[in-house]
Amino acid sequence: MKCFITFDGIEGCGKTTQMRLAEAWLRERGAPVLATAEPGGTPLGRKIREILLNRGSWAIGAEAELLLFAAARAQHVREAILPALERGEWVLCDRFADATLAYQGFGRGLDAGFIRTLNAFSAQTLKPEMTLLFDLPVEAGLARAKKRASGVRPEAAEDRFEQEERAFHGRIREGYLSLAAAEPERFRIIDGAGSVETVHREVCRCLETLPQIPFREGGRA
């Protein structure tokens, strides 16, 4: 049975690792899964990702940044996400529309109402059944991100957002928590400060609450 689940949070929150573990957990239970990410998920999306996240000699204004994310999402939804859902697959997505509200709305200060309208247009009104928000203090997340980036070639490091001032990331965290408080039926806030194994167990507990969770014959897998 199809289901759309997003994984979100500040830089270094561990969402990407947890999404990969959740993908494996679902596959073990016989579920067909598409694991994807934003910006990305399509050839066009990956080109836009290179512009948005990698180092470059050009400046990107907040408005242009917002529209680039929207363009990547529009292609992603049309080309990858909706077809997978129509095939009855589970779709796990590393960031989605909530990230645009958190980063470009709360972080950059762009109009939230306009962002919501743009999100609805680019996503064709698609919303996740569940959003897992991995929360942890900004300092801890940035320390993790810095450690991760230290092992990456400088020309490949996706650090444009990580290099922003601490206050920017603080606004993003507050934004995510505000979004979660407004939609408690969709969001599950998970403490991202725990070990990978501890956080994974909590993710599995959240997934098991979904009516679409796959079972093997004879009981729970």
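**Strand pairing, burial and a pocket**

Tutor: Strand β1 pairs with strand β4 (residues 130–135) in the parallel sense over 5 bridges. Please bear in mind that this is a predicted model.

Student: Which residue of β4 is the bridge partner of Thr-6?

Tutor: The strands β1 and β4 are parallel and share 5 bridges. Within this pairing, the β4 residue that bridges to Thr-6 is Thr-131.

Student: Which residue of β3 stands opposite Phe-7?

Tutor: Strand β1 also runs parallel to strand β3 (residues 90–94), with 5 bridges joining the two. In β3, the residue opposite Phe-7 is Asp-94.

Student: Is strand β1 largely enclosed or exposed?

Tutor: In a regular strand, side chains alternate between the two faces of the sheet. Cys-3, Ile-5, Phe-7 and Gly-9 point one way from β1, while Phe-4, Thr-6 and Asp-8 point the other way, and all are buried, that is, under 20% relative accessible area. Because 7 of the 7 residues of β1 (residues 3–9) are buried, the rest of the structure leaves this strand largely enclosed.

Student: Which helices each supply at least two residues of the lining of the second largest pocket?

Tutor: The second largest pocket has a volume of about 240 Å³. Of its 14 lining residues, the closest to the centre are Ala-97, Asn-119, Ala-120, Leu-126 and Lys-127. The helices that each supply at least two lining residues are α4 (97–107) and α5 (112–122).

Student: How many residues of that lining are charged?

Tutor: By class, the lining of the second largest pocket includes 7 nonpolar and 2 polar residues. The number of charged residues in this lining is 5.

Terms used: Residues are numbered from 1 along each chain as its sequence is written. This is a predicted model: local features need pLDDT of at least 70, side-chain atom pairs count only at pLDDT 80 or more; totals for chains, interfaces and linings use all residues. Side-chain values use heavy atoms; hydrogens and water are left out. On a 1 Å grid over the protein atoms alone, a cavity is a set of points where a 1.4 Å probe fits but cannot get out, and a pocket is an open set with protein on both sides within 12 Å along at least five of seven lines; lining residues have an atom within 4 Å of a point. Grid points are joined across faces, edges and corners, and a volume is the space filled by probe spheres set on the points. Helices (H or I, at least four residues) and strands (E, at least two) are DSSP runs, numbered from the N terminus. Ala, Val, Leu, Ile, Met, Phe, Trp, Tyr, Cys and Pro count as nonpolar, Asp, Glu, Lys and Arg as charged, and the others, Gly among them, as polar. Buried means under 20% relative accessible area, exposed over 50%, partly exposed in between (1.4 Å probe, protein chains only). Two strands pair if DSSP finds at least two bridges between them.
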